[in-house]
Amino acid sequence: MPFSNSSELGPSFVLASIPGLEAAQSWMAIPLCSAYVLAVLANGAVLLVVRAEPSLHAPMYFFLCMLAAVDLALATATVPRILCFYWFGSREIGFAACLLQMFLIHTLSAVESTVLLAMAVDRYVAICHPLRHAAVLTNGATAKIGLLAVARGVLFFLPLPLLLLPLPFCGSRVLSHSFCLHQDVMNLACANTTPSVVYGLTAILLVMGLDAVLICLSYLLILKAVLRLAGWRERLKVFSTCIAHICVVLAFYVPLIGLSVVHRFGKDLAPLVHIIMGNIYILVPAVLNPIIYGVRTKQIQRRILSLI
């Protein structure tokens with residue numbers, strides 16, 4: 001298959017398709033489009049509700065707004081391009097566009113991981129040090145945490161596309177997913193990729209890996225504090241305030257770990273597995289997060305029902 005140089009920076013890449021099911025891709029795009037529309041409506045509703053409801057102007061819900069904004073940006077950076085491929089057959093993606101998409105995916109994922117850590121700290125302070133919660137997590141501190149999350153993601157993952165810029169791509173340029181990921185693009189290079197491998201692994205461990213450890217530590221401390229309470233009713237009542245956040249953490253980290261495992265050990269798996277895991281990683285958190293918090297938060301439920 002011929003490849004065109006759509007950018008002066010480098011060659012174009014080809015998005016993955018499912019062998020033997022090319023003719024059915026337009027139908028397969030319908031559930032993908034439906035999930036994207038649901039993610040946009042649900043996360044947009046969360047942003048509108050928190051803005052309009054004064055009782056929700058608290059750090060936990062400001063973090064929820066950050067989460068909704070990141071999920072919207074992550075889904076918008078990938079799904080419209082995938083739909084163009086499925087509906088209009090536009091398989092090629094330029095080198096510069098691929099690097100930009102890759103940077104956005106990894107940076108936004110890092111921002112989401114940092115926000116989840118901040119939400120875990122918020123739960124820890126609210127449960128273990130309730131009298132200090134208002135003084136520690138002020139609106140100003142919440143805004144600074146949001147800015148720090150963005151800066152952290154950009155600083156850690158900006159080098160990824162820069163490390164790929166000088167690499168030659170002289171073999172196959174067909175990606176494993178319907179969008180660009182660092183490891184996927186890096187594996188297509190016909191040169192020494194050791195610096196890119198080392199830095200990519202280091203960035204993942206220092207951001208997502210460290211965040212996951214700190215989230216687990218926060219919940220161990222929360223569990224220790226909850227077990228000190230006298231009765232089971234009190235324990236369940238206090239710990240129930242963390243259920244939504246635990247579900248959101250699982251919705252983010254389980255697809256992330258699954259995608260990493262598929263990349264590391266799934267070279268012999270069918271292309272369909274890679275495509276499905278990639279789409280799950282992009283869309284599942286964006287769809288589930290607002291639903292989880294909508295179910296668990298009565299103020300959000302009432303406001304959404306009134307909007308409807």
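Tutor: A disulfide here is a pair of cysteine sulfur atoms within 2.5 Å. The model is predicted: local features need pLDDT of at least 70, side-chain atom pairs count only at pLDDT 80 or more, and totals for chains, interfaces and linings use all residues. Residues are numbered from 1 along each chain as its sequence is written, and side-chain values use heavy atoms, leaving out hydrogens and water.

Student: Is C242 buried or exposed?
Tutor: Buried means under 20% relative accessible area, exposed over 50%, and partly exposed in between (1.4 Å probe, protein chains only). C242 has a relative accessible area of 0%, so C242 is buried.

Student: How far is the sulfur of C65 from the closest cysteine sulfur?
Tutor: C65 is itself buried, at 14% relative accessibility. The closest cysteine sulfur is in C247, too far for a bond, at 19 Å.

Student: How many disulfides does the rule give?
Tutor: One joins C98 to C180, S to S 2.0 Å. Another joins C170 to C190, S to S 2.0 Å. The count comes to 2.

Student: Which hand does the disulfide of C98 and C180 have?
Tutor: C98 sits in helix α4, and C180 in the loop between α7 (159-164) and α8, 82 residues apart. Helices are DSSP runs (H or I, at least four residues), numbered from the N terminus. Both C98 and C180 are buried. The torsion about their S-S bond is about -120 degrees, so the disulfide is left-handed.

Student: How exposed is C190?
Tutor: C190 is joined to C170. C170 lies in the loop between α7 and α8, and C190 in the loop between α8 and α9. C170 counts as exposed, at 58% relative accessibility. C190 has a relative accessible area of 35%, so C190 is partly exposed.

Student: What pattern do the disulfides follow?
Tutor: The bonded cysteines are counted along the chain. The pattern is 1-3, 2-4.

Student: Which element gives the most to the lining of the largest pocket?
Tutor: A pocket is an open set of points on a 1 Å grid over the protein atoms alone, where a 1.4 Å probe fits, with protein on both sides within 12 Å along at least five of seven lines; lining residues have an atom within 4 Å of a point. The largest pocket holds about 710 Å³, a volume filled by probe spheres set on the points, with points joined across faces, edges and corners. Elements that give two or more residues to its lining are α4 (95-128), α8 (182-186), α9 (194-227) and α11 (243-265). With 9 residues, the most comes from α9.

Student: How many charged residues are in the lining of the largest pocket?
Tutor: Ala, Val, Leu, Ile, Met, Phe, Trp, Tyr, Cys and Pro count as nonpolar, Asp, Glu, Lys and Arg as charged, and the others, Gly among them, as polar. The lining has 15 nonpolar and 10 polar residues, and the number charged is 1.

Student: Which residues does N279 contact, leaving aside neighbours within four places in sequence?
Tutor: N279 lies in helix α12 (residues 271-296). N279 counts as buried, at 16% relative accessibility. Contact means heavy atoms within 4.5 Å. Beyond those neighbours, its partners are L32, I82, Y86, F179 and V284.
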